[in-house]
Amino acid sequence: MSQHDEGHTVAGWTGTAIATVGSGLLGLGVCAVSVPALVGGAAVSAVSVLVTWYLHLAGWGKPPGPRARTQWPLGARDTSARGGHPGCVSCRLAGRGRRTGSVLEPVTTTGEAEPATARTGG
């Protein structure tokens, strides 16, 4: 069995169930040539993305990568979700996660970078 255990979460299963309903509505709209069914199916599919994202951020999803066996059960809640998961696109979109900031040099009015010693006083 894989050590990653991807998608076996409350967020994953809930999002999949809602997306399945949305896909069914979209299929019905195509077969019946019904614009309301197409719009409804697209709306339900969009809601599935938002619900999955919300549940992931609330701790019902799991970070990507290997996990301990104690975190494998479906109902295991991820307590590290509040701080964000490193490398997780969902967390980055929500403004969470570990970032590596770039160091920018202050620019003087002449357009040249200010020497580091002038900023630190040394």
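User: Hi! Let's start with leucine 93: is it buried or exposed?
Analyst: Leucine 93 is exposed, because its relative accessibility is 64% and the cut-off for exposed is over 50%. Keep in mind that this is a predicted model.

User: Good to know. Which helix is leucine 93 in?
Analyst: You'll find leucine 93 in helix 3.

User: How far apart are leucine 93 and tryptophan 53, going by C-alpha atoms?
Analyst: Their C-alpha atoms are separated by 9.7 Å. Along the chain, the two residues are 40 residues apart.

User: Okay, new topic: serine 48. Where is that?
Analyst: Serine 48 belongs to helix 2, which spans residues 35–60.

User: Is serine 48 buried or exposed?
Analyst: Serine 48 is buried, since its relative accessible area is 7% and buried means under 20%.

User: What does serine 48 touch, leaving aside its neighbours within four places in sequence?
Analyst: With those neighbours set aside, serine 48 is in contact with Gly15, Ile18 and Ala19.

User: What about the side chain of serine 48? Which backbone oxygen lies 2.6 Å from a polar atom there?
Analyst: That is the backbone oxygen of serine 45. The 2.6 Å distance runs from this oxygen to a polar atom of the serine 48 side chain.

User: Nice. Now zoom out for me: how many helices and strands does the chain have?
Analyst: The chain has four helices and zero strands. Read from the N terminus on, the elements go α-α-α-α.

User: How much of the chain counts as buried?
Analyst: The chain has 122 residues, and 21% of them count as buried. Serine 48 is buried, whereas leucine 93 counts as exposed.

User: And what does the accessible surface of the chain come to?
Analyst: The total is about 8,100 Å², and 66% of that belongs to carbon and sulfur atoms.

User: Last one! Among contacts between residues at least 6 apart in sequence, what share joins residues at least 24 apart?
Analyst: For this chain, 47% of those contacts join residues at least 24 apart in sequence.

How values were computed: Residues numbered from 1 in each chain as written. Predicted model: local features only at pLDDT ≥ 70, side-chain atom pairs only at ≥ 80, totals over all residues. Heavy atoms only, no water. Helix = DSSP H or I, 4+ residues; strand = E, 2+ residues; numbered from the N terminus. Buried < 20%, exposed > 50% of the residue type's maximum accessible area, 1.4 Å probe, protein only. Polar contact = N/O pair within 3.5 Å; in protein donor to acceptor, adjacent residues only side chain to side chain. Contact = heavy atoms within 4.5 Å. Areas by Shrake-Rupley, 256 points an atom, 1.4 Å probe, with all protein chains shown as cover.
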